[in-house]
Amino acid sequence: MQPKPNIVHLPVYQPGKPIEEVKRELGLTEVIKLASNENPFGCSPKAVEAIKREVENVSIYPDGAAVELTEALAKRHGVNPDQIIFGAGSDEVILMIARAFLLPGDENITADQTFPQYRHNIEIENGVVIEVPLVQGTHDLKGMLDKVGPKTKIVWICNPNNPTGTIVTHDEVEWFLSKVPSSVMVVLDEAYCEYIDDPSFPDGLALLRKYPNLVLLRTFSKIYGLASLRIGYGIGRAELIRSINQVREPFNTSRFGQAAALASLQDNEFIERCRKANKEGISFLQGEFDRLGLSYFPAYGNFIMVDVKRPAGEVFDALLRKGVIVRAGHKHYPTSVRITVGSAEQNAKVIAALEAVLQELA
Ligand code: PMP
């Protein structure tokens, strides 16, 4: 039995190493994971309560259309409910967009390097990926525009970009949208947007009102701390969202995910606290990297890409032996690791471990 030829070469997704596996393999009792841009403070206690309440209903299918959550988010974002689609994480929204819109041979423009799920899903649909190198770790929107042609179907912009953490500004994205033909869909992945209060960061919802070819991606996995419940969403023009809805699996988001997300929206204080702690964490880590003479990309989300000036795999392994899991293996950044901003205690621990490792490897 032969699989589709276009999937034969696809890698199986390699997640950040799980804590339990590292503990077992290395015989460690204390391990911290700063590898998957998760929220070190968990989720809102209101979400925990909502999850507990939903246990009663575990045998009953969820509302596939997630009506209550859709209405709450529509209100919050000032859009109509028919402009929102939920997925099992924004990962699934990416999958559904590719599934609904891409024909074999359709061209897609992405940055190189960026979040790998765009390429992954484009290839599954037999689409073509045109990659445009980052410039100083940042999307080169002018270079991406130059690649737009008659076969271009979707442009994927990751903002902040994973793994580098950099952003393109509101004016830059608006310039891009004003130049790109309206027949080309522009997906703006804003997975980390709630962490950002920099006024130059795009107001995606304002852009959406002006550019009907724009689709925004958001998630409850990051600042809301609900990564394991798999709930993300897309916002766009109703006709586009309807097409995505047509390929959605009937019950793609769980009762737990929907209830926890809804409850999380009622806890601004938790979000504020996480945003503040993240900013403090970024300042601390950047200060420490400066002290250690390491350069890094400006960080806007909850992670920082730092150049450790040694093969990243060696530093990754040495940190692992000290019970700290980070992310390495970025093809264009062979001497950089991506570190998720943790709690103050975790941040201090990763710096102490990194300092020791760099001395050992010197
Ligand atoms: N987009 C970006 C840029 C991400 O970094 C991630 C998670 N790593 C996702 C989308 C997917 O997140 P989720 O599926 O958990 O919503």
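How many helices and how many strands does the protein chain have? And which residues come nearest to the ligand?

Reply: The model is predicted. Its protein chain has 13 helices and 11 strands.

Start with the overall form. The C-alpha trace spans about 55 × 55 × 55 Å along its principal axes. The radius of gyration is 20 Å, which agrees with a compact globule, because a globule of 362 residues would have a value near 21 Å. Buried residues account for 46% of the 362 residues. Contacts also reach across the sequence: of those between residues at least 6 apart, 74% join residues at least 24 apart.

Next comes the annotated region. An unreviewed UniProt entry places the feature "domain: Aminotransferase class I/classII large" at residues 30–354.

Now the part you asked about. There are 13 residues around the ligand, and those that come nearest are Gly89, Asp91, Thr219, Ser221 and Gly232. Helix H4, which covers residues 89–101, gives the largest share of this shell, with three residues. By residue type, the shell divides into seven polar, four nonpolar and two charged residues. To follow this in the structure, find helix H4 at residues 89–101, then look for Thr219, Ser221 and Gly232, which are also among the nearest residues.

How values were computed. Residues numbered from 1 in each chain as written. Predicted model: local features only at pLDDT ≥ 70, side-chain atom pairs only at ≥ 80, totals over all residues. UniProt positions renumbered as here; feature names shortened; annotations may be inferred. Near = placed C-beta within 6 Å. Helix = DSSP H or I, 4+ residues; strand = E, 2+ residues; numbered from the N terminus. Nonpolar A, V, L, I, M, F, W, Y, C, P; charged D, E, K, R; others polar. Rg over C-alpha atoms; globule rule 2.2 N^0.38 Å. Buried ≥ 20, exposed ≤ 12 C-beta atoms within 10 Å, placed from the backbone. Contact = placed C-beta atoms within 7 Å.
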